[in-house]
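My notebook for today: I wanted to look up a pocket and some charge pairs. Here is what I had open.

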Amino acid sequence: MSQSHPRISKAVIPAAGLGTRFLPATKATPKEMLPVVDKPAIQYVVEEAVSAGLDDVLMVTGRNKRPLEDHFDRNYELESALQKKGDADRLAKVQESSDLATMHYVRQGDPKGLGHAVLCAAPHVGHEPFAVLLGDDLIDPRDLLLQRMIDVQQQYGGSVVALMEVAPEQIHLYGSAAVETTEDSDVVRVSGLVEKPAREEAPSHYAVIGRYVLDPAVFDILRRTEPGRGGEIQLTDALQQLAEDEKVGGPVHGVVFKGRRYDTGDRGDYLRAIVRLACERDDLGPDFRTWLHRYVTEEMQQR
């Protein structure tokens, strides 16, 4: 029998990575600040959390990540200049990021993996369930994945992961989940998890993507979790323990996502995300689609 659990209010966004796949662009600029059209990728993630009702956001950062804090802070000099110019539209855009949520920051210090980054959030989160959103994964705002995950956590308790079916040759890039069906077509019970398995060792083609709703019991497990794959403390390993014994922190469920996801951690997918989002913008789309069609059908043919 399902039961109701308290709604969550806190989101954790790990943002301490070095962004080496985007060098040299990320030598002095955090990868999370790379623009997707005209907003940094990290702002899309914070907006997603806020849209799901999570207005208390903790960002786990590292060295050279000060621009993240500056982006979500007020810039009085810039605001004053825009106000004097009478540029109300740009002023509103500048103020939007600083008014989104109550932002908090903590430094990870040593890059010990995603599990360690989540553990850094323990003092802020306390004993409440919370959401984790990875900045490399952008979920289209029309697809309410995080809201659905929160609903599932409220119904079943425990933890919830976002799953997406991928091609067999891609499963080694993700955590893979062993699953059992439930009465809901988009919800599965997770009985096991493996971090980046070889194709022949994957329990399924369901990959864990960058959204989690976690029971606070995960913190105690992470404190005891030894470094795993890549010498890092893996969140997947902690979730595996929760899946094995629901008495520790409730069951683990998965929401199977079939919507629009943009992986901005990969250079090719980053470019595709920009093209897709630009094409769908009312202010940019018409002219950009016309140019893109001409480029693909005419200019590319001449090469």
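This is a predicted model: local features need pLDDT of at least 70, side-chain atom pairs count only at pLDDT 80 or more; totals for chains, interfaces and linings use all residues.

**Entry 1: the pocket lining**

I started with helix H1 (41-51), which gives the largest share of the lining of the second largest pocket, 6 residues. Helices here are DSSP runs of H or I with at least four residues, strands are runs of E with at least two, and both are numbered from the N terminus.

Residues are numbered from 1 along each chain as its sequence is written, and side-chain values use heavy atoms, with hydrogens and water left out.

I looked up the volume of the second largest pocket, and it is about 760 Å³. Of its 36 lining residues, the closest to the centre are Lys-39, Gln-43, Tyr-44, Glu-47 and Pro-141. A pocket is an open set of points on a 1 Å grid over the protein atoms alone, where a 1.4 Å probe fits, with protein on both sides within 12 Å along at least five of seven lines; lining residues have an atom within 4 Å of a point. Points are joined across faces, edges and corners, and the volume is the space filled by probe spheres set on them.

Other elements that supply at least two lining residues each include strand E3 (39-40), helix H4 (88-98) and helix H7 (145-156). I sorted the lining by class and got 14 nonpolar, 7 polar and 15 charged residues. Ala, Val, Leu, Ile, Met, Phe, Trp, Tyr, Cys and Pro count as nonpolar, Asp, Glu, Lys and Arg as charged, and the others, Gly among them, as polar.

**Entry 2: salt bridges**

How many salt bridges does the structure hold? I found 17, each a side-chain nitrogen of Lys or Arg within 4 Å of a carboxyl oxygen of Asp or Glu.

Glu-280 pairs with Arg-142, with the closest N and O atoms 2.5 Å apart. Glu-280 sits in the loop between H11 and H12 and Arg-142 in the loop between E7 and H7, so this bridge ties together parts 138 residues apart in sequence.

Asp-143 bridges to Arg-260 at 3.0 Å, N to O. I checked burial too: Asp-143 is buried at 16% relative accessibility, whereas Arg-260 is partly exposed at 33%. Buried means under 20% relative accessible area, exposed over 50%, and partly exposed in between (1.4 Å probe, protein chains only).

Last one: Arg-223 and Asp-220 meet at 2.7 Å, N to O, and both lie in helix H8, 3 residues apart, about one turn.
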